[in-house]
Amino acid sequence: MLTVSIPRDVQGTLVRALSASGANECGGILMAEHVGPAEFVVRRLTVQGGGRFASFVRSARSALTSLTEYFRQSDFDYTRFNYLGEWHSHPSFSVQPSSIDHASMRGIVTDVNVGANFVVLLIFRLAGRKALEGSAHTYLLDGTITPSTLIFE
Ligand SMILES: [Zn+2]
């Protein structure tokens with residue numbers, strides 16, 4: 001099973017984004033460091049707001065600048081630093097993926113332009129003023145969806 005860790009600084013970014021979005025969903029892409037056989041640490045994420053998850057996917061092109069910058073800063077060491085997947089918030093319902101979320105993620109993992117073997121979806125909501133609650137799922141090329149472990153460092 002895949003494990004995804006969220007360091008404190010990234011948790012801070014998420015809490016601020018979720019607070020600012022209120023009842024609206026926000027989301028973006030995840031950039032991570034590969035630290036173990038099936039272990040990733042989220043190092044950076046983009047924040048887009050004011051819509052539903054499907055609309056974040058469509059505007060993913062605007063996130064490419066951040067991705068390029070991340071690759072440059074990590075000396076294009078793609079095996080260690082790479083795109084991990086997507087995140088978004090569910091401000092007012094369960095952090096489990098909806099059927100639309102599953103369909104969107106299957107679309108991303110099978111997109112030849114993304115060229116990924118798997119993609120991770122993280123969903124967050126605020127549990128109290130500064131506490132985060134979340135879920136992690138991994139989508140494989142063959143259509144398999146596996147629950148993954150989410151760790152708040
Ligand atoms: Zn969703």
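Guide: We can start with the overall picture and then go into single parts, bearing in mind that this is a predicted model.

Visitor: OK, how many helices and strands are there in the protein?

Guide: The protein has four helices and eight strands, and from the N terminus on they follow one another as β-α-β-β-β-α-α-β-α-β-β-β. The radius of gyration is 14 Å, close to the 15 Å that the globule rule gives for 153 residues, so the protein is as compact as a globular protein of that length. Along the principal axes, its C-alpha atoms fill a box of roughly 35 × 30 × 30 Å.

Visitor: And which elements have the lowest and the highest mean pLDDT?

Guide: For the protein as a whole the mean pLDDT is 88, with 92% of the residues reaching 70 or more. Among the elements, helix 2, residues 53–58, has the lowest mean at 64, while strand 1, residues 3–6, has the highest at 98. Where pLDDT is low, the predicted coordinates should not be read in detail.

Visitor: Let's go inside. What is in the largest nonpolar core?

Guide: That core has 29 residues, and those with the most contacts inside it are L30, V42, L45, L84, V120 and L122. At least two core residues each come from strand 1, helix 1, strand 2, strand 3, strand 5, helix 4, strand 6 and strand 7, and the largest share, six residues, is supplied by strand 6.

Visitor: Take L45, then. What is it in contact with, leaving aside its neighbours within four places in sequence?

Guide: Apart from those neighbours, L45 is in contact with V10, T13, G28, I29, L30, M31 and W87. One of these partners, L30, is itself listed among the residues with the most contacts inside the core.

Visitor: You mentioned helix 4. Which of its residues are buried?

Guide: The buried residues of helix 4 are D101, S104, M105 and V109. They lie on the same side of the helix, because they cover an arc of only 130 degrees around its axis. S99, I100 and A103, on the other side of helix 4, are exposed.

Visitor: Changing topic, how do the strands near the end pair up, say strand 6 and strand 7?

Guide: Strand 6 and strand 7 pair in the antiparallel sense over nine bridges, and F124 stands opposite G134 in strand 7. Their hairpin has five residues between the strands, and G128 there takes a positive phi near 95 degrees.

Visitor: What about strand 7 and strand 8?

Guide: Those two also pair in the antiparallel sense, over four bridges, with T146 in strand 8 as the bridge partner of T138. The hairpin of strand 7 and strand 8 has four residues between the strands, and in it G143 takes a positive phi near 95 degrees.

Note on methods
Residues numbered from 1 in each chain as written. Predicted model: local features only at pLDDT ≥ 70, side-chain atom pairs only at ≥ 80, totals over all residues. pLDDT = per-residue confidence, 0-100. Core = buried A, V, L, I, M, F, W, Y, C linked by C-beta atoms within 7 Å. Buried ≥ 20, exposed ≤ 12 C-beta atoms within 10 Å, placed from the backbone. Contact = placed C-beta atoms within 7 Å. Arc of directions from axis to C-beta. Pairing = 2+ DSSP bridges. Rg over C-alpha atoms; globule rule 2.2 N^0.38 Å.
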